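Thanks for coming, everyone. I'll walk you through one structure today.

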Amino acid sequence: MLSYEVIVIGGGHAGTEAALAAARAGARTLLLTHSIETVGQMSCNPAIGGIGKGHLVREIDALGGAMARAADQAGIQWRTLNASKGPAVRATRAQADRTLYKAAIRRMVENQPNLTLFQAAVDDLVIEAGQVRGAVTQSGLRFQAPAVVLTAGTFLAGRIHVGLRNHPGGRAGEAPATTLAQRLREGPFVVDRLKTGTPPRIDGRSLDYSVMAEQPGDDPRPVFSFLGSVHEHPRQVSCFITHTNERTHEVIRGGLDRSPMYAGEIEGVGPRYCPSIEDKVVRFADKASHQVFVEPEGLDTHEIYPNGISTSLPFDVQLELVRTMAGFENAVITRPGYAIEYDYFDPRGLKASLETKAVAGLFFAGQINGTTGYEEAAAQGLLAGLNAARHVQQRDAWSPRRDQAYLGVLVDDLVTHGTTEPYRMFTSRAEYRLQLREDNADARLTPIGRELGLVDEARFTAYARKADAVAAESARLKAIWATPGGALAREIEAGTGVVLSRECTALDLIKRPELDYAALVGLPLLGPGVDDPAVAEQVEIGVKYAGYLDRQAEEVQRQRRHEDTAIPDDFDYAGLPGLSAELQGKLAGVRPETIGQAQRIPGMTPAAISLLLVQLARRK
Ligand code: FAD
């Protein structure tokens, strides 16, 4: 038996971040995956980030992860979404060259000290007395480890549907993990089915771009990683926009009797926020048109990804519906769209560390926990890999709080509420989103990542340099006073038209809606200011939103009073005096690890929480 400290199964987005994090945290790690060629493969659209998801990418990066760095090496069209809105909801999105992205991830995996890559299909886990001991491959090889992270994505008992025909598959062209799924179904886990889908891919040479709206990337171009730069970006290209129309919808309605979803062939629930085109046409019957983003798959391929027409209709209907759209009249499909159903596990069976409650040392991450999306998978992978290493090192598990990170929101939502449909991240899921911004992910998480062993010297030094620069510039502006009628006030009035009525610091002036950092440091008496726009941004946001941020911080403190109060694993809810049978049942079902988690169980009352606190105090 070959022996490691952590085994990660699956080389997708969750698996690669898990393996890299476990290795960075000091564990001798093995990444077992079906094919080394598919490490870091994007199963669906070649894009990273977007609203809520971009926040996760920045958090993964702040903790030393791979996703943002790979996106910087592969991004061929960049945008800042919600650029005109407040900083909390601004989000970065990169259209990626699929091949470059995969190559970047593979490079990082291959060059990570402490990490071994091995190509094999895993058919079974070794579990003894409630503790995981290792994994067994299809060819009978046995690998031993006290911690295993499973990240099998859509492969567990995967079934692919195109029209009324279906066949077993992990994603197009790849075998599913059937034996492993069977073994896991025999284990102490709650298993159910979900589904997701993808659109047909098109040969770009068959399209008429002249009738579509061009969408170039932003200028200046955003960058994902804290350590990244626009100079890493490959050649840039445009995306285009077309639309479905009444004729498209007619074709779709005509094919519904051969849709696996509407004919009842698919039992799994699909992603509400990423519905198939047939779903959109049925659910929003009054809409005459839907937007379709025509996105390049890469620089060295003609294939394009028509974002917005995911479908599992039969191929003849796919071809007909595609050709109804402007610019697509002669479209040639290179790969049909399809839906895939797969097994996932009720995430309420997990601790906040992503360790399963049923089997010690076994961690689940990614799509198998009921989420959808590369970013959601990668974020969980990083956390599970870290905690697998900490489990082996007999250190306490770590998981961020909801006020610290979107990763905290994601995990808390999953382990507390579970999910019955593929879960994706949105900024609206975070109650403290003003402080969980993309732009401050480094400040929120890099110092913690350093303590956890995830962040290397180079990143931490760069982070500390920026933090010092923000503090120094804020202090400099705070020390400069502007007095009505004084030289500075006269300069401000001449330069910006703002008349001072009372004495204030230069830093306070940034708070005024008509002034900003750039305008102030453009004045000779206040300039020249800092060169780094990221430092200037932090100085400005810190002042402009200070009132809101302070109020949010107070609210966090109030909520945190009992947030971290631990509830023992063996706490007996049955027969707790004063607690209704319904709430007893809910608490016993979730088995919250802390009072904070108990508070978030739907239907929980303040009275029930008080009762729990009293009982916990009595046990001490
Ligand atoms: P995956 O990326 O699926 O990686 C799993 C890895 O595990 C693979 O490398 C696989 O080979 C390996 N593996 C599995 N079983 C074994 C085993 N037994 N032994 C060894 N290796 C194993 N997301 C969206 O956000 N929007 C969408 O519209 C969308 N559409 C999708 C459409 C399709 C058809 C598919 C397949 C996925 C779609 N996704 C979509 C989801 C997105 O691809 C996933 O969320 C993401 O890839 C999950 O990452 P993961 O690491 O959990 O799993």
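Let's start at a strand. Phe118 sits in strand β7, which covers residues 115–119.

A word on confidence. This is a predicted model. The mean pLDDT of the chain is 95. 100% of the residues reach 70 or more. For the complex, the predictor gives an ipTM of 0.97 and a pTM of 0.93.

Now the ligand. How many residues surround the ligand? There are 36. The closest are Gly10, Gly12, Gly153, Gly366 and Ala377. By class, the shell has 14 nonpolar residues, 21 polar and one charged.

Let's look at two of them.

Gly12 is in the loop between β2 (6–9) and α1. Why does Gly12 count as buried? Because 30 C-beta neighbours fall inside 10 Å. Leaving out residues up to four places away in sequence, Gly12 touches Gln41, Thr151, Gly153, Gly366 and Ala377.

His13 belongs to helix α1. His13 has 32 C-beta neighbours inside 10 Å, so it counts as buried. Beyond its neighbours within four places in sequence, His13 contacts Gly366, Tyr374, Ala377, Ala378 and Gly381.

On to the core. The largest nonpolar core has 113 residues. Which of them touch the most other members? Val6, Ile7, Ala22 and Val148. Helix α9, residues 374–392, gives the most to this core, with 11 residues. Apart from it lies another core, of 20 residues, including Leu207, Val281, Ile309 and Ala331.

Back to Ala22 for a moment. Not counting residues up to four places away in sequence, its contacts are Val6, Val8, Ala27, Thr29, Gly385, Leu386, Ala388 and Ala389.

Next, helix α2, residues 53–62. This helix is mostly covered: 10 of its 10 residues are buried. Among them are Lys53, Arg58, Glu59 and Asp61. After α2 comes Gly64, with a positive phi near 85°.

Last, some backbone details. Two peptide bonds first. The bond from Asp219 to Pro220 is cis, with omega near 0°. Pro220 lies in the loop between β16 (213–215) and β17 (239–243). The bond from Gly527 to Pro528 is cis as well, with omega near 5°. Pro528 is in the loop between α15 (517–521) and α16 (533–544).

Then two phi angles. Asn82 is not a glycine, but its phi is positive, about 60°. Find Asn82 in the loop between β5 (75–81) and β6 (91–96). Asn82 is partly exposed, because 15 other C-beta atoms lie within 10 Å. Arg591, also not a glycine, has a positive phi near 45°. Arg591 lies in the loop between α18 (581–590) and α19 (595–599). With 18 other C-beta atoms within 10 Å, Arg591 is partly exposed.

That's my tour. Over to you.

Technical notes
Residues numbered from 1 in each chain as written. Predicted model: local features only at pLDDT ≥ 70, side-chain atom pairs only at ≥ 80, totals over all residues. Core = buried A, V, L, I, M, F, W, Y, C linked by C-beta atoms within 7 Å. Buried ≥ 20, exposed ≤ 12 C-beta atoms within 10 Å, placed from the backbone. Helix = DSSP H or I, 4+ residues; strand = E, 2+ residues; numbered from the N terminus. Contact = placed C-beta atoms within 7 Å. Near = placed C-beta within 6 Å. Nonpolar A, V, L, I, M, F, W, Y, C, P; charged D, E, K, R; others polar. pLDDT = per-residue confidence, 0-100.
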